[in-house]
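Subject: Structure for you to look at

Hello,

Please find the structure we talked about below. My notes on what was found in it come after.

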Amino acid sequence: MITRKRLATGACALLAALSVALTPTSASADEPVAKESPKVELVLDVSGSMRARDIDGKSRMAAAKQAFNEVLDAVPEEVRLGIRTLGADYPGQDRKRGCEDTRQLYPVGPLDRTEAKAAVATLAPTGWTPIGPALLGAAKDLEGGDATRRIVLITDGEDTCAPLDPCQVAREIAAKGIHLVIDTLGLVPDAKTRAQLTCIAEATGGTYTSVHRTEDLSRRVRQLVDRAADPVVVPVATEGTARCADAPPLKPGLYTDRESFGQHRWYRVDLLPGQELRASVSVSADRAVNNDYGVLLRAVTLRGREIVRGSEAGDGRTDVISTGLRYPKPDLDDGPGDAKPAAETVCLQVSNSFSAPPSVKTTPGMPIELTVDVVDGPSAASDVAAYGLGRGWWLLGTLVVVGFLAGLIWGWLSRWRVALWRTN
């Protein structure tokens with residue numbers, strides 16, 4: 001009995017070792033570094049409501065000024081920072097003039113801390129809350145170049161310049177594909193302000209933070225400015241098509257696009273023998289959507305034959321849903337001459353099954369982010385891609401053979417044990 005237990009343990013260990021050997025190993029890739037200095041613009045609400053004294057026993061304006069001074073002292077050298085105000089100049093009741101009251105207090109560029117602090121010190125709570133116009137102005141301030149861009153909006157109330165909806169403004173900014181992120185901070189916000197600032201942030205992939213203390217405001221703004229200084233990949237705006245034949249050719253990189261509810265978008269990637277295509281897609285639900293949704297990423301040939309697919313589904317409120325795929329193209333045997341092997345055109349299809357309530361606008365489409373990478377194909381059997389991702393019969397067949405051989409060995413050992421026992 002003890003011998004049989006030992007043999008069973010050995011067979012299980014053999015199967016476990018073979019399974020581990022076939023498990024794919026993780027690989028790390030160096031992230032590209034941004035070529036230009038990142039740009040950040042702080043947008044500060046200076047409307048009349050900033051006089052309220054409910055943050056650490058002082059006015060909201062005083063808390064904001066203190067936080068700004070601390071942030072300006074800690075801005076990384078590589079960050080190009082600017083400051084824009086809203087509601088700082090016009091104290092009257094003329095709605096048109098009040099909704100145009102936004103200006104750049106300090107230009108985006110190398111930071112002179114003394115000059116920037118002096119400009120902030122002159123501010124006093126004054127007028128309206130034109131958040132939409134201020135965001136449009138800040139986006140214009142950050143135009144030009146390929147640097148990463150971030151707007152940090154600090155306000156204590158919702159926009160007072162409807163029908164220019166600041167959430168819609170944020171969606172239009174995101175639709176331009178310039179990778180401009182808007183982070184919002186609400187000073188002692190009510191429910192309406194919280195909902196509006198959350199919508200603005202989610203539309204551009206930013207964050208919303210509720211603030212009730214000066215210390216929290218200073219710390220959060222510093223975090224957002226520091227985040228802009230981190231090396232990131234700058235997405236490239238592209239536009240998928242309804243057919244693969246008309247699709248834009250993509251090189252390795254990060255791309256952004258917009259996709260309507262239930263739409264199919266096509267892109268193309270050229271792949272040489274011996275290379276592996278790795279692609280992923282993320283669809284951001286930047287508005288209220290119905291339950292039960294999914295995203296599909298397929299790789300197909302020009303003739304329409306599916307090579308491999310990746311899909312993901314969900315049920316309930318979400319912000320982002322993602323999926324990916326890998327396709328290794330087998331290398332060619334060495335042939336005569338020095339002829340360069342022909343590349344295969346792989347068609348990538350991005351689809352979604354989102355739907356929205358009747359009250360939700362479906363335009364512009366939801367933002368999608370597509371990552372494309374082409375690397376050398378796998379050469380080691382430990383990489384599951386060597387067997388062809390999406391063609392898992394290789395792995396299944398290997399496990400079946402291993403199990404069959406283990407069974408034969410176990411049966412032979414059992415017969416030998418019984419024969420030995422009868423002899424004795």
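In which loop does Asp 292 lie? Asp 292 sits in the loop between E10 and strand E11 (293-300). Please bear in mind throughout that this is a predicted model.

Backbone at two aspartates

Asp 292 is a residue other than glycine with a positive phi, near 70°. Its relative accessibility is 55%, so Asp 292 counts as exposed; the cut-off for exposed is over 50%. Asp 56 is not a glycine either, and its phi is also positive, at about 55°. Asp 56 belongs to the loop between strand E1 (39-45) and H2. With a relative accessible area of 45%, Asp 56 is partly exposed.

The chain as a whole

The chain has 424 residues, and 45% of them are buried. Its secondary structure consists of nine helices and 15 strands. Taking contacts between residues at least 6 apart in sequence, 77% join residues at least 24 apart.

Val 350 is part of strand E14, which covers residues 344-352. Its relative accessible area is 1%, so Val 350 is buried. What does Val 350 contact, leaving aside its neighbours within four places in sequence? The residues in contact with Val 350 are Glu 259, Gln 263, His 264, Arg 265, Tyr 267, Val 281, Leu 296, Leu 297, Ile 368 and Leu 370. For one of these, His 264, the C-alpha to C-alpha distance to Val 350 is 5.7 Å, although 86 residues separate the two in sequence.

Thr 85 is in strand E2 (residues 80-86). Thr 85 is buried too, with a relative accessible area of 1%. Not counting residues up to four places away in sequence, Thr 85 touches Leu 44, Val 46, Asp 101, Thr 102, Arg 103, Leu 105 and Leu 123.

A helix pair

Two packed helices are described by the angle between their axes and the distance between the axes. For helix H2 (residues 60-74) and helix H4 (residues 113-121), the angle is about 170° and the axes are 10 Å apart. H2 and H4 are therefore roughly antiparallel to each other, as angles over 145 degrees count as such. On the H2 side, the contact is made by Lys 65, Phe 68, Asn 69, Leu 72 and Asp 73. H4 contributes Arg 113, Ala 116, Lys 117, Val 120 and Ala 121. Sorted by class, the contact of H2 with H4 has five nonpolar, four charged and one polar residue.

The largest pocket

How much space lies in the largest pocket? The volume is about 810 Å³. Its lining is made up of 36 residues, and those nearest the centre are His 179, Thr 204, Gly 205, Ser 284 and Glu 369. By class, the lining residues divide into 16 nonpolar, 10 polar and 10 charged.

Which element gives the largest share of the lining? That is E8, with four residues.

Regards

Conventions
Residues numbered from 1 in each chain as written. Predicted model: local features only at pLDDT ≥ 70, side-chain atom pairs only at ≥ 80, totals over all residues. Heavy atoms only, no water. Helix = DSSP H or I, 4+ residues; strand = E, 2+ residues; numbered from the N terminus. Buried < 20%, exposed > 50% of the residue type's maximum accessible area, 1.4 Å probe, protein only. Contact = heavy atoms within 4.5 Å. Axes fitted to C-alpha atoms, helices over the stretch in contact; angles between N-to-C directions. Parallel < 35°, antiparallel > 145°, perpendicular 65-115°, else oblique. Nonpolar A, V, L, I, M, F, W, Y, C, P; charged D, E, K, R; others polar. 1 Å grid on protein atoms, 1.4 Å probe; cavity = no way out; pocket = protein on both sides within 12 Å on 5 of 7 lines; lining within 4 Å. Points joined across faces, edges and corners; volume = space filled by probe spheres on them.
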